[in-house]
Structure formats: structure tokens, C-alpha cells
Amino acid sequence: MKKTKEYLISSILFAIGAVIWFITIPMDYGYRGILDTLFVLHCCCALLFGLASIAFLFDLDVIIIIRKTAAFKIGDNMKKLLIWGAGDQGTVTLSCAMAMNEYEQIDFLDFKEKGHREIPGFTIYEEEKEDLHHFFKKYDEVIVATGENNLREKKVLQLIDMNIQLATMIHPTATISSYAKIS
């Protein structure tokens, strides 16, 4: 489904660029005024035409590139994320969160049951030293990152009881079945 949308957008850009390209080719660019504008339009469409062709031929994620660039420049809806778990699963979650480019701040909270490892460049808080109810309120979203099912369930239920917004991580390059339900 995702690739189909990208191919559709690439094809539409390609078609728009091609139509305007062919309309403006016979124009004589020696005149001033509207024809100079047409020349600029002709060049812009040639650029769109080329980019769409490259994106289509090389299977690039045009939608994701545009979304990420806009989010980075504008800073719209950048959120604060807390990853509850500072072990191997936490670092994998960090990698996915960074690829999503939706978070301006990402911190970790270690499990009192497990401890943590050092993650250079990121703040790691200790669960037993924090007032969790107030601590979680500082973040827009929290995700529990552990491979232990029982521990993950316990922590997720704790977050739900406190009405804390849970994060959903989907890597931008992931392919998800149209039959899957994300919850």
C-alpha cells in the first residue's frame, strides 16, 4: 500500500512535469514578460519531471523525504519521548524514534528490576529515584522497551492506569501488511 502511494505520487509529478514541459517547449524565450515566466515554469517542471523520474526508477521514499524535511524546518508537532528501558531493546527503540524524526527530546528511564547501560548523548533517569506520576507528565509519549513480556505488560498497565500517552513506533522504512492492526 505504501509503495503504491509513492508510485502514484511519483507518476503524478512525472505527468504534470511532462505536460507543462511539452506545452512550454515551443515557446520562444526571446521575449520579455509572460514568456520569461513560462521559461521559469518550464525549468521548474523539468526539475519536477526529473526528480519524479529518479524517485520512481530508484524506488525512493518521496513522501517520507518531503515530510521529514518539512518537520525539520518547521518544527511542527515535535514531541518529547521517554523510553522506559535503557537496555538493548531501548537502544533499538531509540534508533526507530530517531528515524521517525518526530521527537525533539528523547530520554530514558531504567527499570529498577534490570538497571541500564550507558547510552552516550542521552539522559538516563533511575526509576527508583523518580516520582513516576509527575515524572511521566513531562513527556508527550512514553514507550516501554523490554523483551520480557511480563515486565512490559506490568509497566504498560501502570502507564495506562496513570493516563499516560503511549507511543507507537513504526520505522519509516517498515513494510506493514494491509491485514495488520496496529494498537
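E102 is partly exposed because its relative accessible area is 25%. In this report, partly exposed lies between buried (under 20% relative accessible area) and exposed (over 50%), taken with a 1.4 Å probe and protein chains only. The model is predicted: local features need pLDDT of at least 70, side-chain atom pairs count only at pLDDT 80 or more, and totals for chains, interfaces and linings use all residues. Residues are numbered from 1 along each chain as its sequence is written, and side-chain values use heavy atoms, with hydrogens and water left out.

**Salt bridges**

The structure holds four salt bridges, a salt bridge being a side-chain nitrogen of Lys or Arg within 4 Å of a carboxyl oxygen of Asp or Glu. Three of them are listed here, including the one made by E102.

| Pair | N to O distance |
|---|---|
| K79 and E102 | 3.5 Å |
| E141 and K79 | 3.1 Å |
| E126 and K129 | 3.5 Å |

E126 counts as partly exposed because its relative accessible area is 27%, whereas K129 is exposed at 61%. Salt bridges that share partners join K79, E102 and E141 into one network. K79 has 22% relative accessibility and therefore counts as partly exposed. E141 is at 12%, so E141 counts as buried.

**Overall layout**

The protein has six helices and four strands. These are DSSP runs numbered from the N terminus, with H or I and at least four residues for helices, and E and at least two residues for strands. From the N terminus on, the order of elements is α-α-α-β-α-β-β-α-β-α. Of the 183 residues in the protein, 31% are buried.

Contact means heavy atoms within 4.5 Å. Among the contacts in the protein with a separation of 6 or more, 66% are between residues 24 or more positions apart.

**Aromatic rings**

Rings of Phe, Tyr and Trp (its six-membered ring) pair if their centres lie within 6.5 Å; planes under 30 degrees apart count as stacked, over 60 as edge-to-face and the rest as tilted. The count by this rule is five aromatic pairs. One of them is the tilted pair of W84 and F136, with 5.0 Å centre to centre and 55° between the planes. This pair links distant parts of the chain, since W84 lies in strand β1 (residues 79-84) and F136 in helix α5 (residues 132-136), 52 residues apart. Both W84 and F136 are buried.

W84 and F136 belong to one aromatic cluster with Y125, F135 and Y139. The charged end of K138 sits over the ring of Y125, 5.8 Å from its centre. For such a case, NZ of Lys or CZ of Arg has to be within 6 Å of the ring centre and within 35 degrees of the ring normal.

**Surface**

The accessible surface of the protein comes to about 11800 Å², and 62% of this belongs to carbon and sulfur atoms. Accessible areas come from the Shrake-Rupley method with a 1.4 Å probe; for residues, only the protein chains shown count as cover. I170 is found in the segment after α6 (149-161). I170 counts as partly exposed because its relative accessibility is 32%.
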